[in-house]
Amino acid sequence: MTAYVFPGQGAQFTGMGKDLYEASPKAKELIDSACDILGFDIRSIMFEGSADDLKQTKVTQPAVFIHSVAAAATIEDFKPAMTAGHSLGEFSALVAAGAMSFEDGLRLVYARAMAMQKACEARPSTMAAIIGLPDDVVEKVCAETEGTVVPANYNCPGQLVISGEIEAVDKACEALKEAGAKRALRLAVGGAFHSPLMEPARVELAEAISRTDIKVPVCPVYQNVDALPSTDPTVIKDKLLRQLTSPVRWTQTVLNMHRDGAVDFVELGPGTVLTGLIRKCIPAK
């Protein structure tokens, strides 16, 4: 059984999607239509923009989404047994599974990006990667640190990203180094994604999600909030919204997909970050 997985923010690179655009009429059609939907030439930025251009929130999230869905569209007779995506990638996973249209997915991703950017600007915050400690140790330190700092991305065993107020994240990093972390490094991000500080973005996105037509997918979609498969449109909407302020449980997602029969994992989208994480979650892969 093959599971298809889709990356999130941070996977972007200059030239992304150009090979798909030139080789596949389906991919070309999707990428061209994305420019009309967004109202700006995201295609040129994806193909020729600088790293700084691609870091713009209004570009990064839709660009990764477009590339991922276009990659899925190039597969002949695409019939996924299960899908999942890391953070932003969950939207790509839902479109690939037929739960929503490309157009609706792109509009939601763009609304999400702008809402998150607003939340970041309203309250200075950050994230940090913690390497080499068990999850429960990181959780305990976050809980004991003054201020807002929480586990945000459970990426693979021994790799957890924390998120929150700048001072609280810095304090937690120091405490985690003392607890034996191999690395505790602040990430170059503009805000505290997947933390309570994203609550304003969640409120803003709620209306857009409620208006979106979500159908029963052709296969289970394993969602970030609880790492469990979803097929009910109401449940999918609820988890999609909760994702903004909840941790991404990627480690458990991979383990659950493997438990449920996934033998092969195919990453669709820019880069191979998820492939590396999956190998660490399931050493045999």
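This report walks through the salt bridges, the sheet with its helices, and a few backbone details of the structure above.

A word on ground rules: this is a predicted model, where local features need pLDDT of at least 70, side-chain atom pairs count only at pLDDT 80 or more, and totals for chains, interfaces and linings use all residues. Residues are numbered from 1 along each chain as its sequence is written, and side-chain values use heavy atoms, with hydrogens and water left out.

## Salt bridges

The structure has 17 salt bridges, each being a side-chain nitrogen of Lys or Arg within 4 Å of a carboxyl oxygen of Asp or Glu. Side chains of opposite charge can pair when their charged atoms come close.

For accessibility, buried means under 20% relative accessible area, exposed means over 50%, and partly exposed is in between (1.4 Å probe, protein chains only).

An α-helix has 3.6 residues a turn, so residues three or four places apart point the same way. Asp-104 is partly exposed at 24% relative accessible area, and Arg-107 is partly exposed at 47%.

Arg-211 counts as exposed at 59% relative accessibility, and Glu-207 counts as exposed at 51%. Elsewhere, salt bridges with shared partners link Lys-28, Asp-32, Asp-41 and Arg-43 into one network.

## The sheet and the helices on it

Which order do the strands of the open sheet follow? There are 5 strands, arranged β8-β7-β2-β1-β9, with mixed pairing; two strands pair if DSSP finds at least two bridges between them. At the edges are β8 (229–230) and β9 (264–267), each pairing on one side only. Strand β1 (residues 2–6) runs parallel to β9, and 4 bridges join them. Along that pairing, Thr-2 stands opposite Asp-264 in β9.

Helix α6 (residues 89–96) packs on the sheet, touching β1, β2 (82–85) and β7 (221–222), and its direction makes about 155 degrees with that of β2. Contact means heavy atoms within 4.5 Å. Axes are lines fitted to C-alpha atoms, for helices over the stretch in contact, and angles run from 0 to 180 degrees between N-to-C directions. Helix α13 (residues 273–281) lies across β1 and β9, at about 155 degrees to β9.

## Helix α12 and Thr-251

Helix α12 covers residues 250–259 and includes Thr-251. The buried residues of α12 are Trp-250, Thr-251, Thr-253, Val-254, Asn-256 and Met-257. They are covered by elements including β1, β2, β4 (149–156), β7, β9 and α13.

Is Thr-251 buried or exposed? Thr-251 is buried, at 11% relative accessible area. Apart from neighbours within four places in sequence, Thr-251 is in contact with Tyr-154, Asn-155, Cys-156, Pro-157 and Cys-281. A polar atom of the Thr-251 side chain lies 3.0 Å from the backbone nitrogen of Cys-156.

## Positive phi values

Most residues other than glycine have a negative phi, and most peptide bonds are trans. Against that background, Ser-87 has a positive phi, near 60 degrees. Ser-87 is in the loop between β2 and α6 and is buried, at 12% relative accessible area.

Ala-227 also takes a positive phi, about 65 degrees, although it is not a glycine. Ala-227 is in the loop between β7 and β8 and is buried, with a relative accessible area of 0%. Just after α12, Gly-261 has a positive phi of about 115 degrees.

Conventions:
Helix = DSSP H or I, 4+ residues; strand = E, 2+ residues; numbered from the N terminus. Polar contact = N/O pair within 3.5 Å; in protein donor to acceptor, adjacent residues only side chain to side chain.
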